[in-house]
Amino acid sequence: MTDVFGNALEDLLAARAFGAAFPGVNVWEDGDNAFVEAELPGVTMDDIEVDVMGNQVVIKGERNIPDEPGGVYRRRERPQGKFSRRLTMPWDIDADKVEAMLQLGVLTTKLPKSEAAKPRKVPVKAA
Amino acid sequence: MSDTAIQKNQSASTTPERMEQQTYYTPLVDILEKDDSFVFKADLPGVRPEDVDIRYENGVMTLSAQAQPRQSPGTNYIWREYGVGPFYRQFILSVPIDPNGINAELKNGELTLSVPKAESAKTHKIPIKST
């Protein structure tokens with residue numbers, strides 16, 4: 001429970017969520033592609049840039065929370081300002097085929113592995 | 001710039017709140033007080049409008065929201081910094097409000113709640129007469 005007029009314990013609990021780098025990312029793979037997901041509420045595609053080079057992907061941008069006129073902030077927890085995350089993948093990324101989608105404040109980036117990095121089946125010859 | 005080198009089978013854990021055997025996440029909020037209302041803004045990434053539930057009872061406003069799972073259960077994660085699940089947070093309002101006037105809007109994972117104060121709690125400017 002949060003008292004609108006301040007509660008030190010609640011502040012500590014809320015601060016915990018952003019003790020790490022912002023934005024937080026989840027990464028998974030399906031063999032041919034890696035996917036990077038980041039929670040970016042209140043951000044539009046115009047505010048985000050995704051750059052790929054070799055085996056690195058950089059997600060950067062800016063979140064602006066405009067000041068509302070005519071009031072006093074009782075609590076300000078939501079992070080704002082410039083952000084940037086650089087992720088180094090264990091394989092090269094096919095930069096031409098990268099796709100990024102922003103939906104409900106969640107950014108999902110599809111990073112196809114370069115041909116050389118894809119898993120392949122090695123035919124076994126019978127001797 | 002923060003750098004993260006992804007390696008296989010490595011995972012950074014998130015520390016969600018545990019309640020009633022289920023995992024809940026605390027949404028981050030900004031609360032603005034105006035003369036006649038409060039404005040709550042909460043970050044609810046991955047939440048659709050139909051998944052939000054807002055209740056007000058006896059001076060307590062409860063915000064709960066369901067973030068639908070975005071990956072299938074068998075997903076092969078190689079790095080995790082956050083979990084996805086229901087959001088939950090309660091606010092004690094020490095100022096009487098008008099619950100019928102609460103207005104809620106969700107856009108790009110950002111919830112805006114306008115909560116008008118009850119007539120008795122609004123700021124009244126007293127005109128001074130000169131004699």
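This is a predicted model: local features need pLDDT of at least 70, side-chain atom pairs count only at pLDDT 80 or more; totals for chains, interfaces and linings use all residues.
Residues are numbered from 1 along each chain as its sequence is written, and local features need pLDDT of at least 70, while side-chain atom pairs count only at pLDDT 80 or more.

In the interface, 51 residues of chain A are in contact (heavy atoms within 4.5 Å) with 51 residues of chain B. The buried area, that is, the accessible area (1.4 Å probe) that two parts lose on being put together, summed over both, is about 4600 Å², and carbon and sulfur atoms give 52% of this area. The rule finds 12 salt bridges across the interface, a salt bridge being a side-chain nitrogen of Lys or Arg within 4 Å of a carboxyl oxygen of Asp or Glu. One of the salt bridges joins A:Arg74 to B:Glu33, with the closest N and O atoms 2.7 Å apart.

Strands also pair between the chains. Strands here are DSSP runs (E, at least two residues), numbered from the N terminus, and two of them pair if DSSP finds at least two bridges between them. Strand 2 of chain A runs antiparallel to strand 8 (residues 76–80) of chain B, joined by four bridges; there, A:Asn26 has B:Arg80 as its bridge partner. Strand 6 of chain A pairs with strand 4 of chain B, again antiparallel and over four bridges, and A:Arg75 stands opposite B:Ile31.

Within chain B, strand 4 pairs antiparallel with strand 5 (residues 37–43) over five bridges, and the two form a hairpin with three residues between them.

Terms used
Chains are lettered from A and ligands numbered from 1 in the order in which they are written. Side-chain values use heavy atoms; hydrogens and water are left out.
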